[in-house]
Amino acid sequence: MQANQFHSLAYSFSFYLFGLIALASAIAFVTRKSPVAAAMWLVNVMFALAGLYLMLDAQFMATMQVLVYTGAIMVVFLFVIMLLNLGHPSDLADARGKWPTILALFVGLALLSEVMALNRGNTIERLVPPDLAAKAAAAAAAPIAGGIIGPVAAPLFKEYLLAFELTSVLLLTAIVGAVVLGRRRTDAR
Amino acid sequence: MTAFLSSINYNAWILPALLLLPIVGALGLWVHALLSAKDPADKRWREVRVLAFAFFVVEALISLGLWWSFDPAAAGWQAAVDLPWIPQWGVRFSVGIDGIALTLILLTTLMMPLAVLGSWTSIRTKPHAYYTLLMLLTVGMLGVFVSLDLVLFYVMWEIMLVPMYLVIGVWGGERRLYAAIKFFIYTMLGSLLMLVAILYLGSAASQAGGVPTFSYDYILNNVRLDPTTTLWLFGAFALAFAVKVPMFPFHTWLPDAHVEAPTAGSVILASIMLKMGTFGFVRFALPLFPSAAMNPTVRSLIIALAVIGIVYGALVALVQPDFKKLVAYSSVSHLGFVMLGIFALTTESVQGALMVNINHGVSTGALFLLVGMLYERRHTRMIEDYGGIAKVVPIFATVLTIVSLSSIGVPGTNGFIGEFLVLVGSYKTQPVAAVISATAVIFAAAYLLWALQRIIYNKLSKPENEGIKDLNWREIGLLVPILAAIVWMGVYPKPVLEKTEMAARRLVTYVEATSANTPQTASNSAR
Amino acid sequence: MNPALIPEGAHPLAATVARFVWLLPLLPLLGFLINGTLAMLGAAKVGPADPSADHGHGHGDAHAQDDAHGHGVNGHGAHDDHHPPPRHKFAGIVSLIGPGVLLAAFGLAVACFLAMRGVEMEHPYVVTLFQWMPVGDLHLDASLLLDPLSMTMVLVVTGVGMLIHVFSVGYMQDDPGYPRYFAYLNLFVFFMLTLVLGASYPLLFVGWEGVGLCSYLLIGFWFSEKANADAGKKAFIVNRIGDFGFLVAMFLMFANLGTLDIGRVAAKAAELPFGGVVITAMALFLFLGCTGKSAQIPLHVWLPDAMAGPTPVSALIHAATMVTAGVYLVARASGIFSMAPVAQLTVASVGALTALVAATIGLKQWDIKKVLAYSTVSQLGYMFVGVGVGAYTAGIFHLVTHAFFKALLFLGSGSVIFAMHAAYHHTHNHDDAQDMRNMGGLKQYMPITFYLMWIATLAIAGIPLFSGFFSKDEILASVFARVSHSTLAESSLLGIPGSTVLLIVYGIGLAVALLTAIYMTRMMLYTFHGPNRTGEGERPHLTEAPWVMTGPLVVLGVLAAIGGWINVPELLGAIGPVGGLEHFLEPVVGQASLRTTLGAPPHVAHQTELLLVGAAIAIAITGIAIAVWRLKPAALVPKKEAPASTGISRVLENKYFVDEGYDAAFVQPTVSVSRAVLWKGFDAGIIDGLFVNGSALLARAFGWLGSQLQTGQVGTYAWVLLIGVITLLGAFTLR
Amino acid sequence: MLVEALALSAVLFSIGVIGVLTRRNAIIIFMCVELMLNAVNLSFVALSKLYGAAGQVFVVFTMTVAAAEAAVGLAIIIAIFRHVKTVNLQNINLLKG
């Protein structure tokens with residue numbers, strides 16, 4: 001990446017900082033036994049990611065990340081954990097044995113190395129054609145026309161309108177489904 | 001008649017109307033089902049059968065006009081209609097008929113009312129569903145005969161399958177589920193390969209012309225393929241059709257399906273659905289891939305299978321204890337004649353094959369109707385449970401004798417004309433096959449007459465057979481047209497023959513010419 | 001010779017009554033339709049609207065019709081009621097229509113014949129009714145061909161047929177299936193006329209199979225007896241084996257000659273290489289058809305069984321007309337046969353062999369109809385010898401005279417059986433009314449029948465001046481004449497020179513003449529002479545049949561006596577016009593005959609001929625003498641007291657065990673192989689079991705294996721999924 | 001920074017995978033899935049700097065789907081919990097046919 005002209009040291013520092021927070025919180029998240037603790041660590045990951053989004057010029061996404069993920073989804077998770085009263089010790093001892101964990105680590109590492117390998121080498125070259133990189137750099141340097149929302153909103157309501165509308169149907173279905181599933185049946189069983 | 005038909009512009013709407021009408025009829029039955037939901041069950045099935053019968057009579061009557069509006073001397077498709085359907089893929093609602101399709105369409109529309117009459121009193125459960133399925137089946141069957149677009153053809157081909165599956169599976173005999181699933185999977189297996197071949201042809205056609213198309217005519221005239229591909233595509237089509245025919249050794253679904261199906265199902269299966277296979281060979285497999293079909297190895301293989309089917313079907317029929325199964329195996333034998341006639345590829349043999357097609361539809365359909373009538377009275381299909389019943393049911397015995405004779409191919413009945421033409425024509429190109437097949441005249445007489453003797457002749461030894469009632473007026477009425485057809489086509493087959501002559505002759509000359517040249521060429525002279 | 005060259009309207013017959021020739025088959029067809037309708041109306045009880053309902057009732061109805069068909073005069077049925085049942089309600093109109101249409105047809109035939117006498121019949125008269133099968137190169141018309149040969153056959157069929165119809169009015173009077181019987185009989189005449197008048201081989205084949213069908217229906221007329229139904233079926237199937245040959249012959253014609261028209265085939269056949277493979281195969285396959293229809297070895301087995309039908313049927317179909325169709329066919333296809341001497345020798349040899357075998361069997365039969373049946377087979381063999389050696393006129397001549405005397409014999413035996421049956425009926429005796437051991441001394445009870453049957457016997461034995469003498473002698477003379485100087489003598493059969501074959505055939509012919517005289521005399525002696533073995537109670541009831549039955553017998557008796565006059569040999573030129581039939585048939589078969597005899601009429605020295613005739617007469621008289629001398633009717637005992645025969649008699653009585661042999665060699669193996677190997681083994685076992693259900697089983701097995709992977713543990717699924725992802729990604733990475 | 005963002009995304013994703021594989025608590029596994037979704041979102045956002053805002057549009061969709069999934073999934077978990085009184089997946093094998 002030769003885009004160092006707009007990368008101040010502070011920028012880089014913040015970037016790595018958020019990255020490290022995300023990483024550390026994620027590791028903490030998977031290792032916590034208590035669901036509540038895990039959830040809190042996950043919230044932390046999401047906040048860090050929101051910061052990264054901000055730094056990647058996706059301000060709208062950063063907002064959404066905080067609002068939707070941390071604000072809505074994770075709250076739901078916490079509600080459910082509380083609702084089911086999952087603080088019980090028998091539920092806490094939920095990790096698998098030693099060998100499965102080691103194996104899982106290997107699998108994760110293998111996956112990681114494979115993804116990295118795919119990102120490296122000629123794969124990334126193919127992914128990022130040179131002129132596109134230059135164009136992107138220029139675009140990034142120029143002030144964004146139409147504010148922050150415009151570039152996201154335009155394709156969303158033009159090109160992807162149908163998909164967007166379909167997601168609304170999906171949400172409706174999910175709402176109905178959640179209500180039906182969550183309802184305590186009085187008639188049957 | 002012709003003037004009247006042209007004054008109402010008959011040819012322009014008849015084919016879509018024939019396809020649409022059963023759908024309307026099905027909707028009508030649905031409405032009736034809703035309206036009569038509160039009625040007692042007894043009243044409902046009595047009403048709905050009348051409605052269905054009236055509907056099929058109307059369908060038959062309007063289709064009859066084709067007989068006069070069809071011009072046997074004209075070369076192209078007749079009564080053709082061509083509408084866009086799925087423009088993105090170049091699929092069109094393209095229909096039209098030639099002489100071969102004409103005879104089969106009329107066979108279909110005329111057999112359907114008789115099939116309904118045949119199940120007049122036996123279908124009492126879920127009558128609306130039953131008759132609706134028969135109507136949808138009619139759409140599929142007619143659709144297959146009229147389609148000039150490969151995708152449309154395939155859709156119709158599959159539409160046909162589902163109602164028959166349900167008819168067997170719901171209203172069938174004891175082992176109906178086994179038979180229905182066997183029938184479905186067997187036929188499906190073949191037709192899926194055909195779908196692949198159709199898609200391949202479509203893409204080849206798109207490449208050749210630049211626009212996506214599945215048009216039969218276009219593919220016939222413009223698609224050139226290398227010999228290996230042709231062989232594979234022919235194989236895919238041929239398998240689908242061979243299962244449907246059914247050719248030996250793909251025939252084992254047939255006895256089960258026939259035996260378990262209700263009477264109307266058996267009649268439709270035998271009269272019409274088996275003809276789809278042979279029709280497919282004549283319309284698609286041969287003209288589209290002449291070089292593959294006339295490849296000496298392929299051709300001898302198919303002829304060998306046809307001949308084996310003829311003799312084998314007859315021999316196996318000989319020892320069946322179940323009369324319905326006997327008739328089913330006799331179908332294998334008869335359809336072998338059709339295949340022999342088609343692949344012997346002389347004008348006489350192809351004409352004969354088309355004739356056998358129709359004859360088998362009439363005679364075997366009638367045999368199944370008669371078995372159904374007997375079954376309704378005694379609730380057994382086993383030959384050994386009968387004997388000597390000619391005494392108590394003389395009308396039935398007379399009709400059964402006449403129909404059996406037609407099936408045997410006794411001169412003066414329709415059966416003779418077809419078999420004779422097939423054999424005489426086949427001998428010119430396939431002498432050995434023709435001579436071996438001719439032995440079937442002996443076996444056919446043996447199995448049918450033996451069965452006939454054990455059913456209607458001999459001593460009336462079983463007391464439970466003494467109370468069998470003879471045919472009633474409805475049954476006599478439904479058999480009379482069949483008997484008339486048997487005699488008419490046996491004595492004066494010319495009207496039928498002349499309808500199919502042009503198509504048969506073109507097929508022969510076209511396939512001969514194209515297979516004699518390099519495999520890739522397809523002359524424009526066809527159609 | 002080529003009929004196609006003469007347009008229909010230009011033929012001299014077109015202006016005569018012969019243009020109504022299409023009425024000939026139409027009249028019996030009309031009779032069939034009317035009688036058939038009456039039969040249905042009489043027998044039918046239309047069922048209730050809902051056939052499945054109300055099952056199990058109606059036993060009373062069933063019994064009302066119980067004896068509807070089982071009742072006959074053949075003596076096998078059990079009859080409990082003393083009084084004859086009331087006649088069929090349509091009996092009157094049926095008795096009018098059944099023989100009536102035949103009478104009309106006969107009248108028309110006679111008119112046609114007279115018209116034909118008046119014109120030159122160089123070309124056959126072909127009447128095209130409509131296009132039948134216009135397909136490709138095959139231009140088949142429904143057209144009738146009237147020439148002297150078919151005229152002769154038409155006269156025989158309608159004439160003898162009419163007499164037998166009249167006889168049937170009496171014979172079948174009490175049968176509940178009376179209209180059905182006449183319907184079948186009319187239908188038979190229709191098909192027989194189609195056979196003889198058909199102008200193309202396929203149309204001839206229509207008649208050919210049609211008469212077979214009627215034969216099937218009439219043999220099984222009393223179908224409630226399994227034996228009768230069996231016999232009918234056997235006749236049809238054996239005939240179909242022959243028909244297979246006929247079909248193949250037609251394939252050969254169409255493939256090699258391009259036509260199936262009788263006249264064109266004859267013309268084109270002459271262009272094929274003489275004695276070549278094609279023409280020989282054609283002739284041999286045609287002859288296979290003939291062996292089926294005319295009951296020649298090896299397909300002779302059905303005819304004796306066919307005696308299960310009513311006796312007039314045996315007379316009409318199984319003696320006078322249908323079984324002679326093979327002879328007619330050979331004569332009709334003389335253009336083909338004369339081109340293939342090997343086939344001709346085969347025809348003659350098979351004919352001779354059949355004649356001999358049947359005659360020997362006839363020596364030991366006890367059933368009066370069986371004797372006549374084997375006699376028929378034997379005489380048919382004679383006819384084939386005639387047409388086989390190219391003496392078509394001789395063959396046809398014997399066909400005509402045989403029709404007279406054999407119809408007479410059968411009707412006579414029918415009259416005997418009728419009387420026997422009536423007698424047994426009165427006394428409730430269930431003995432066999434057809435067994436000669438139960439007869440004896442009937443001449444005093446039925447003198448008319450007795451005298452007439454002796455006339456026929458003398459005719460068939462070949463006693464001079466009776467009809468059989470002329471025809472039989474002509475056949476033997478023709479064989480002898482062709483031993484030298486003919487195409488037959490020059491060719492060979494299975495390595496044996498043709499002249500030797502012909503000499504053997506001639507020898508067999510003489511032997512058969514001797515045997516014929518013996519067994520016919522035996523039949524007459526046992527039936528009419530000696531003491532009566534019927535039984536005390538029955539004897540008073542034995543009477544001559546009514547006039548409606550004896551009338552036709554008398555007419556046939558006259559014909560059997562003087563029928564030979566239609567073709568008197570030169571030798572006896574003094575007693576009538578020489579070679580009448582010969583001249584009449586000359587346009588049809590003359591050319592073919594001459595081809596066999598190398599262009600010159602056969603010639604035998606006068607001296608030799610006299611010698612041959614003398615020998616034949618001597619043999620006939622010897623035969624009768626031997627029979628009278630050796631057989632002792634008085635020593636016979638009734639059937640139920642007769643001991644089982646042994647040795648050669650047993651073999652002959654059981655017809656050389658041919659039926660049993662065929663059953664063991666063909667029928668049983670076919671059925672058991674079809675059942676055990678083809679159906680149970682191959683169809684249900686291999687195709688359906690192994691392939692169809694086997695593949696279904698395989699799919700199910702895989703499905704079961706797959707289902708074992710489903711532990712229900714989501715964690716396991718996640719593991720499997722991820723390992724899959726890693727593998728896939730690895731494949732991408734390591735590529 | 002693109003490469004670093006992508007790398008982080010990969011690492012987070014792998015951590016999510018390890019979580020799914022090692023944990024048995026249905027809710028935590030669910031949360032691991034959410035983590036994986038977030039990792040993917042990060043890739044989308046990072047790459048949207050190169051390819052334009054379409055990537056962010058996809059993130060919107062992902063979030064929507066994640067929300068829907070959370071709603072339905074948690075509802076299912078509650079429903080199951082009512083039956084078997086546990087969220088430990090080892091004790092749940094309703095999927096076994």
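The crossing of the two is left-handed, that is, the near helix is turned anticlockwise from the far one by less than a right angle.

I noted who makes this contact (C-beta atoms, placed from the backbone, within 7 Å). Helix 1 of chain A gives residues including A:F15, A:F18 and A:F29, and helix 2 of chain A gives residues including A:W41, A:L42 and A:M55. I counted 16 nonpolar, 5 polar and no charged residues there.

The model is predicted, with local features needing pLDDT of at least 70 and side-chain atom pairs 80 or more, while totals for chains, interfaces and linings use all residues. Residues are numbered from 1 along each chain as its sequence is written, and chains are lettered from A and ligands numbered from 1 in the order written.

I then checked chain A as a whole. It has 9 helices (DSSP runs of H or I, at least four residues) and 0 strands (E, at least two). Buried residues (20 or more other C-beta atoms within 10 Å of their own) make up 26% of its 189 residues.

Last, I looked up the contact between chains D and A, which takes 59 residues from chain D and 68 from chain A. On the chain D side, helix 3 of chain D gives the largest share, 22 residues. That side divides into 45 nonpolar, 9 polar and 5 charged residues, with Ala, Val, Leu, Ile, Met, Phe, Trp, Tyr, Cys and Pro counted as nonpolar, Asp, Glu, Lys and Arg as charged, and the others as polar.

Technical notes: Buried ≥ 20, exposed ≤ 12 C-beta atoms within 10 Å, placed from the backbone. Contact = placed C-beta atoms within 7 Å.
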